[in-house]
Amino acid sequence: MYEFSVIGGKTAREIISASRQTVVDVVRDTYLAHHKGDTVNPDSYFLRFPDKPDARIIALPAHLGGGTDVAGIKWISSFPANIRRGIPRASAALLLNDYETGYPFACLEASQISAARTAASAVLAAEQLTGGRTAGKMTVVGAGIIARNILEFFKARDWTVSSLTVHDMNEEYGSALAAHATTALGYPAGTEADLDKALDGADVVVLATTAAEPYITDPGAFVPGQVVLNISLRDIGPELIEGAYNILDDVEHCMKANTSPHLAEQKYGDRHFVTGTLAQFIEGEVSTGSDKPVIFSPFGLGVLDLAVGLHVFHAARESGAAVEVADFFGETTRW
């Protein structure tokens, strides 16, 4: 009851790398549990800094029921200036709590978990919305850690990608991701400095940038039938959102913080452009067509971090890779 484990990022990445197929299934099951009401997923809470307006630390509390019964919170920072220092933008920790007593039982380095649940949700959406695991051309906009994880999950799910185009404002980053995709994943990849050319002809578009406001605003940027994974949430102008089928992870969560869907709601005054959630699509409650682009916008649910974190926790404990902290709690009786 009073055991407490610490699981580092290296261990978390090793576990995730060996079980990406399982992680996608965990994310799918969690979306469905959320749809059924077997979760508690409050709004995220943002800590911002007056002298660093682009930086933030976000708290994502959640509870996953349905027989799993775990609570917890992810505490994740986003400091875009880190990129100029050559270090990752995001860092995170995840605390897991026992549902019966409320006692925390594990702390996990969570940037790996956060990246994995984001990548898994992106690939799950691509599989559902395309109806397969094939892309003639895939374009990735933004060549950071999230983009790398997404491509690794595509590979783990046995996607066939005939050609991969990477667009990034930093040529060095774009070349690095393209090289990784080619040498490590076996996807023929190259870079394209012109965004319009990069998007042209792509069956699947992955947006994984740090953009704070829309820069894709040309009404013809996306074409009917194209599947756009709007992972970074703020790349797309409201007019493009309005002209597409829009699948979200959670409608209420997406309609805040000036995400692309939120900007569309503000512009048009309603949510007529929302097709439904990914869980509704999986359950056959909503559908899309080939007459418009299809955009998936996931705000990112804390309950997904819990589910993937719990998967990592169990694997680490079973393998002996978890670090057990003796006497973590100073008092274990009332008297």
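Trainee: How many residues of domain 1 are in contact with domain 2, and how many of domain 2 with domain 1?
Mentor: 19 residues of domain 1 touch 26 residues of domain 2, contact meaning heavy atoms within 4.5 Å. This is a predicted model, where local features need pLDDT of at least 70, side-chain atom pairs count only at pLDDT 80 or more, and totals for chains, interfaces and linings use all residues. Residues are numbered from 1 along each chain as its sequence is written, and side-chain values use heavy atoms, with hydrogens and water left out.

Trainee: Where are the domains in the chain?
Mentor: Domain 1 is 5–113 + 302–324 and domain 2 is 120–297, bounds that come from an automatic or database domain assignment.

Trainee: And how much area do they bury between them?
Mentor: About 2100 Å², 61% of it on carbon and sulfur atoms; that is accessible area (1.4 Å probe) lost on putting the two parts together, summed over both. In domain 1, R20, V24 and Y31 lose the most area to domain 2, together 29% of what that side buries.

Trainee: How many salt bridges cross the interface?
Mentor: The rule finds 4 between domain 1 and domain 2, each a side-chain nitrogen of Lys or Arg within 4 Å of a carboxyl oxygen of Asp or Glu.

Trainee: Switching to R157: what does R157 form a salt bridge with?
Mentor: With D25; the closest N and O atoms are 3.7 Å apart.
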